[in-house]
Amino acid sequence: MEIALSYKRMMEELNYTQEQVAERMGKERSTVANYIRLLKLPPDIQVAVRSNQLSMGHARALINVDTVDKQLYLYNEIKAKGLSVRQTEELVRKLYKENAPVKNSVKPTIPEAFKRIEDNLASHFSTRVKLNHNKKGEGSISIEYYSLQELNKLLDQLGVSVN
């Protein structure tokens with residue numbers, strides 16, 4: 001992550017292109033691009049990479065996942081099951097194979113602004129969040145958890161106490 005940040009900083013402060021950073025650092029442009037793409041991962045995943053709880057290979061597999069909630073879901077699966085990089089890549093492939101037919105069906109889509117809210121909530125709570133919104137302006141928010149420990153963490157974040 002530090003390398004990714006330093007490449008980004010070079011690009012911002014020195015107005016370098018990825019090609020110029022690659023040339024200066026003696027790397028391939030694709031290598032620089034891959035590092036910079038890591039910065040698009042949710043903060044929780046970036047912290048896991050930085051603290052060596054998650055490998056660069058795992059992170060690269062998660063970069064290709066299109067939404068934050070899916071990335072966080074997969075990250076939690078990696079942690080819970082101790083998945084290897086290859087197993088993670090396979091899980092990503094399966095996720096998209098399973099979802100492929102659904103994309104062809106008629107499924108109501110929420111506006112882009114609500115998708116961003118969904119992604120922000122998923123990042124904030126470090127879990128999958130589903131936002132449902134209807135034309136009357138009503139809706140619901142579904143926050144997933146995968147253990148009692150995660151439920152308690154969510155309740156703490158929401159300021160809810162169970163008496």
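**Helix packing and buried side chains**

Biologist: Which residues does Gln71 touch, not counting residues up to four places away in sequence?
Modeller: Happy to start there, bearing in mind that this is a predicted model. Gln71 lies in helix α6, which covers residues 68–81. Leaving out residues up to four places away in sequence, Gln71 touches Leu41, Pro42, Ile45, Leu62, Ile63 and Val65.

Biologist: Is Gln71 buried or exposed?
Modeller: The relative accessible area of Gln71 is 6%. Buried means under 20%, so Gln71 counts as buried.

Biologist: What does Asn76 touch, not counting residues up to four places away in sequence?
Modeller: Asn76 also lies in helix α6. Asn76 has a relative accessible area of 8% and is buried. Not counting residues up to four places away in sequence, its contacts are Ser126, Thr127, Tyr146 and Glu150.

Biologist: Good, now the helices. Which residues of α5 are buried?
Modeller: Helix α5 spans residues 56–63. Six of its eight residues are buried, so α5 is largely enclosed by the rest of the structure. The buried ones are Gly57, His58, Ala59, Ala61, Leu62 and Ile63.

Biologist: How is α2 oriented to α3: roughly parallel or roughly perpendicular?
Modeller: Helix α2 (residues 18–25) packs on helix α3 (residues 29–37) with the axes 8 Å apart and an angle of about 110°. Angles of 65 to 115 degrees count as roughly perpendicular, so α2 and α3 are roughly perpendicular.

Biologist: Is the crossing of α2 and α3 left-handed or right-handed?
Modeller: Here Gln18, Glu19, Val21 and Ala22 of α2 meet Arg29, Val32, Ala33 and Ile36 of α3. By class, that contact has five nonpolar, one polar and two charged residues. As for the hand of the crossing, it is right-handed.

Biologist: How many nonpolar, polar and charged residues make up the contact of α1 with α3?
Modeller: The axes of α1 (residues 2–13) and α3 come within 8 Å and cross at roughly 105°, which means that α1 is roughly perpendicular to α3. Ile3, Ala4, Tyr7, Lys8 and Met11 of α1 make the contact with Val32, Tyr35 and Ile36 of α3. Divided by class, these residues are seven nonpolar, no polar and one charged.

How values were computed. Residues numbered from 1 in each chain as written. Predicted model: local features only at pLDDT ≥ 70, side-chain atom pairs only at ≥ 80, totals over all residues. Heavy atoms only, no water. Axes fitted to C-alpha atoms, helices over the stretch in contact; angles between N-to-C directions. Helix = DSSP H or I, 4+ residues; strand = E, 2+ residues; numbered from the N terminus. Parallel < 35°, antiparallel > 145°, perpendicular 65-115°, else oblique. Left-handed = near helix turned anticlockwise from the far one by under 90°. Contact = heavy atoms within 4.5 Å. Nonpolar A, V, L, I, M, F, W, Y, C, P; charged D, E, K, R; others polar. Buried < 20%, exposed > 50% of the residue type's maximum accessible area, 1.4 Å probe, protein only.
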